[in-house]
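These notes are meant to be read beside the coordinates. Please go through the points in order and check each against the model.

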Amino acid sequence: MSPYKYVGKPIPRADVDKVFGDAIFSFDVTLPGMLYAKLVGATQAHAKIKHIDYSKALQVPGVVAVFTGAEFPQKIGIYAADRDVLAREKVLYYGHPIAAVVAESLEAAENAAELIEVEYEPLPAVFDVKDALKPDAPILHERLAEYKHASFIYPEPGTNIATRVKLRKGDVEEGFAKADVIVEDTYREPLVSQAYLENWVGVARVKSDGTVEIWSSHQSPFAVRELLAASLGLPIGKVIVYHLYTGGGFGGKAGILLEHIPVLLSMKLGGRPVRLELNREENFHYMAQRAGYIFEMKTAATKDGKLIAHQGRYLLDAGAYADYTVNVARSVTFMAFGPYEIPNIHIDTCAVYTNKVPTTAFRGFGLMELFFASEQQIDQLAEKLGMDPVEFRLKNALIPGKSITPTQRRLREDAGAPADTIRRTAELIGWDKPLEKPKEPWKRRGRGIAAFWKGPVQPSSAAASAVVKLNEDGSVDLLVGTGEMGQGTVSALRQIVAEELGIEPEKVRVSPIRSTNLVPYTWQTVGSRGLYSDGQALMRALEDLKSQIRKVAAQIFKVFEDEIEIKDGKAYVKGKPWDSVTLAEIALGYMFPDGETIHGPLIGRGSHVPVQTTFLDPETGAGEPKPFITFGAGAVEVEVDLLNMQVKVIRAATVYDTPVINPGLAYGQVYGGLVMGMGLALTEQLVFDDHGRLLNPNLTDYKVFRAGDIPKEIKAEFLGVGQRNAPYGAKGIGELTMLAWPAAIINAIYDAIGVRVKETPATPDKLLKEIREQKPELLEEVRKQLLG
C-alpha cells in the first residue's frame, strides 16, 4: 500500500476528454483558406528520375501547384541528415515521395496525383542487409560524406553503412579460451510497423512576419521545432510547434516526421495553410517503420555457470533513410546482451542502408529485438550446462554497487533489483510447478522466461523544465513540454503536484494543447524518460513554489520559514494548525488588513539535466550513457497446437523493480505491452516482394494482436525499489512492458516442443518448417494420435 495520499494510487487519467469525444487531435485542425497536399510515391525501388510530367495534374480543377524534389534542396534528419524533402535525382525505395500536389480540396489533390507520370532509369537494388555490405553492392547514398550528422554517429562513405558502433570490454579471446561451453547462433527479425492508431497529419502556415506554425501528430514538439529550424535555415524563435493529443507513437513519431513538407509548401504558396494527411497505406510508405535485425552471437560460460565472454555482430536493416536508426544502433550495442555481468565483450554494430521503406525508432529502441536473441543464448547455455534457466540467470544477474556494466562503469548502488525481478517472476508463473496437460493429445505446453534492462538513449544534455502556477481558487496550472500520446505521463505529473501541495488531482490542470512558445522546454518524449526527467524538473518547480508559499506564510504569521508546513491546500504554522492560510488566499500574494501587500503571484519553476552521464569512447564504448535503468523480467506459459501450428499464450507474469506513481496506468502499460509483444513474436512483419514492393500496407494484412488475444491470466508486480534522484523513486516503464515477450514466448515454445525458432514472427508456416528441420518425429507422433 502506498504511504502517500495521491502518489501510488490508481487515480483516473487526466485525459478523460478522449472518452467523451472532446479531445482534439491534429486531424481536427482546419484553418481559413487551407489547401490540401497529396504525395506521389515512386513505383521503382531504385532508379534515376529521368522526367516527371505533371502537366495533366495542373489541368484538374482546383489544383494550385505541383512541386518536385528539384525545388527543395534541403536535407532532413535528427542524427543523420540523410533525407530529401522529395526524391531528387533518384528514388531509393518503392513508395518514395517524388512529387507533391497542392489543391483547394483533398479530392482534387488525389485526382491530380493519379495523373502524374514519371520516367525512370532503373538501377540495381539491394534488399538484404548482408548483400548491402558486399563490396560490389549498389550504393544508395553516394554523397554520404556530405551529410551532416551528430558527433557520435560514424557513417562510412563509399559504402551502405550509415553508422558503425563498437563496444569493447576485457579480452574476449581470453574469455573464450577459458570457457567450458559456447553457444554460437544467428537470429533474424524483419522490419515491422509501429501500427499506431492515428495516421500522420500535419497542418502548417507561414505568417506575414515569417513565423512558421505547424500542428502535427508527433511525440516531441521541441525536437520538431529544433529540426525544422535547422533543416530549413530558420531562427528557432520563428518556429512554433503545436502539440495536441497524439494517437499513439511507439517511437514512430519521434524526431521530425513530415512536418517540413507542408511548411515548405506553405512557403512556396504565399503562406497559405497547407494540410498533409496520410491514409493508412500512405502511412506505411511515407512514414518510417522499425528496422530489421540480424544478431550474430557467440556467448560462453564456465562449468560453474558463470558467463565469461560474448561476441556479437549486430546488423540493422535501416531501409532507405536511417536518420533515427543510427541511434538505435548505439542502444543495442551499449546494452550489449542483457542484465548480466560479462567480463569480456566485443561487439560491432552496423546500421545499413537498403532499398526498403525508411526506418526510425520503435518502442524499446532495439532492446526487445536484442533480448529476443540474447535470452535464447542464455537458455541454450543453461541447457548445455544442465542448469535451470532461472538459476542460470540469477547466478549472472548484475549486482548494484558491484557489477561493471558493458560500458565499463560500476552499476550505482540504487540502480534497482535485477535478481529480485527474475526470482519473483518465476514464482508468479509457477516455474517449479508441473505444467497442466492439455486434453487434446496434439497440444503441448511449455514455459519460458526472459530478463531485461533499459534506460533512455539520450545526449548528456537532454534537459527538461517545468512551471507550476498557483491560481486564485487554489488550483494549479502545470506547464510542461512533454508529449502525450496515451502513455499517461501527464497524469502522473499531475498526481505529484497534488501530493506535494495537498490538493485534489482534479485541481491540477495541464492543457492538452501545448505550443513551444508557451510551455517550458523538454528534450524529447522518448526512451521512457518523461516521468523521470520532467518529474525531476517538476519536483524542483514545486520546491520553488513551496519556498515562496513558506516565505509569504512566514511573513503573515511572523515566524521563520522552516516553521511553515504545507498540507491539504493550506500553509500553517507547525504545531498550530489554526494559524493557517489557504493557497487560494495567497496565490496572488497577500494583503494585510491595512492594505499592505506582499510578494505577488506565486509561480514555481524548475529544470533538470542528466547528471554524471558522459560521451562514450568511439573505439571502446566506455562511459556512462544512462541516468537510470529499470530492470524487469517476464514469463509465459504457452500452448502449441501441432495440428494448425498456432501458439496461444495461456498466462503471463511480469515484475519490474521500480515504484509507480499510478498503478492503474502502470498495469495498463503492462497489458498493452504484452499484447504488442505477442503480436511481434507471432504475427507481425512487413512483407516485401522481389522488387521491394510492400505487400501488406494495411491493418488487414499486417496482423496485430487485439484485445481478444489477451491471455486469460496476467500477473504483474512492481517491487518499489526506487532510485534516489527519481521522483518518488519512480523510473520509466512504458517501453519495458514489451521487452520480454518475444524471447519468453520463443523460449516457451522450445520448452513445449523442443524446437527453437530463431526468426520472428513464429507464424504457423515458419513453425512447421522448423519442426520438419529440427524434430520431424513430432509430426509423425501427432499423425499416429489422430489415426488412433
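How many bridges join E12 to strand E13 (residues 239–243), and do the two run parallel or antiparallel? E12 and E13 are joined by 5 bridges and run parallel, and within this pair Ile214 stands opposite Val241 of E13. Two strands are taken to pair if DSSP finds at least two bridges between them, and the element names refer to DSSP runs numbered from the N terminus, with helices being H or I runs of at least four residues and strands being E runs of at least two.

1. Basis of the note. This is a predicted model, in which local features need pLDDT of at least 70 and side-chain atom pairs count only at pLDDT 80 or more, while totals for chains, interfaces and linings use all residues. Residues are numbered from 1 along each chain as its sequence is written, and side-chain values use heavy atoms, with hydrogens and water left out.

2. The sheet of eight strands. An open sheet of 8 strands has the order E3-E7-E1-E14-E11-E12-E13-E24, and its pairing is mixed. Strand E3 (63–68) and strand E24 (514–515) stand at the edges with a single partner strand each, so one side of each is left without a neighbour in the sheet.

3. Strand E1 within that sheet. Strand E1 (residues 35–41) is mostly covered, since 5 of its 7 residues are buried, where buried means under 20% relative accessible area (exposed is over 50% and partly exposed lies in between, with a 1.4 Å probe and protein chains only). E1 pairs in the antiparallel sense with strand E7 (residues 97–103) over 6 bridges, whereas 3 bridges join E1 to strand E14 (residues 274–277) in a parallel run. Ala37 has a bridge partner in each of these strands, namely Val102 in E7 and Leu276 in E14.

4. The helix across the sheet. Helix H6 (residues 260–268) lies across E1, E3, E7, strand E11 (201–206), E12 and E14, and runs at about 30° to E11. Angles here run from 0 to 180 degrees between N-to-C directions, and axes are lines fitted to C-alpha atoms, for helices over the stretch in contact.

5. Ser217. This residue is found in the loop between strand E12 (212–216) and helix H5 (221–232), and at 0% relative accessibility Ser217 counts as buried. If neighbours within four places in sequence are left aside, the contacts of Ser217 (heavy atoms within 4.5 Å) are Ser26, Glu198, Trp200, Val201, Thr246, Lys253, Leu257 and Glu259. Ser217 and Tyr245 are 28 residues apart in sequence, with a C-alpha to C-alpha distance of 7.7 Å.

6. Helix H9. The 19 residues of helix H9 (residues 367–385) should span 27 Å at 1.5 Å a residue, and the end C-alpha atoms are 26 Å apart, which agrees; the expected span is 1.5 Å times one less than the number of residues. Of the 19 residues of H9, 17 are buried, so the helix is largely enclosed by the rest of the structure. Just after H9, Gly386 takes a positive phi of about 70°.

7. The sheet of four strands. In a further open sheet, 4 strands follow the order E20-E31-E32-E33 with mixed pairing. Strand E20 (443–454) and strand E33 (713–718) are at the edges, each with a single partner strand, so one side of each is left without a neighbour in the sheet. Neighbouring strands of this sheet are turned by 20° against each other on average, direction ignored. E20 and strand E31 (residues 630–641) run antiparallel and are joined by 12 bridges, with Ala633 of E31 as the bridge partner of Ala451.

8. Strand E30. The covered face of strand E30 (residues 603–608) holds Gly604, Gly606 and His608, while Ile603, Arg605 and Ser607 make up the uncovered one. Strand E21 (residues 464–470) runs antiparallel to E30 and is joined to it by 6 bridges, and the bridge partner of Ala466 in E30 is Gly606.
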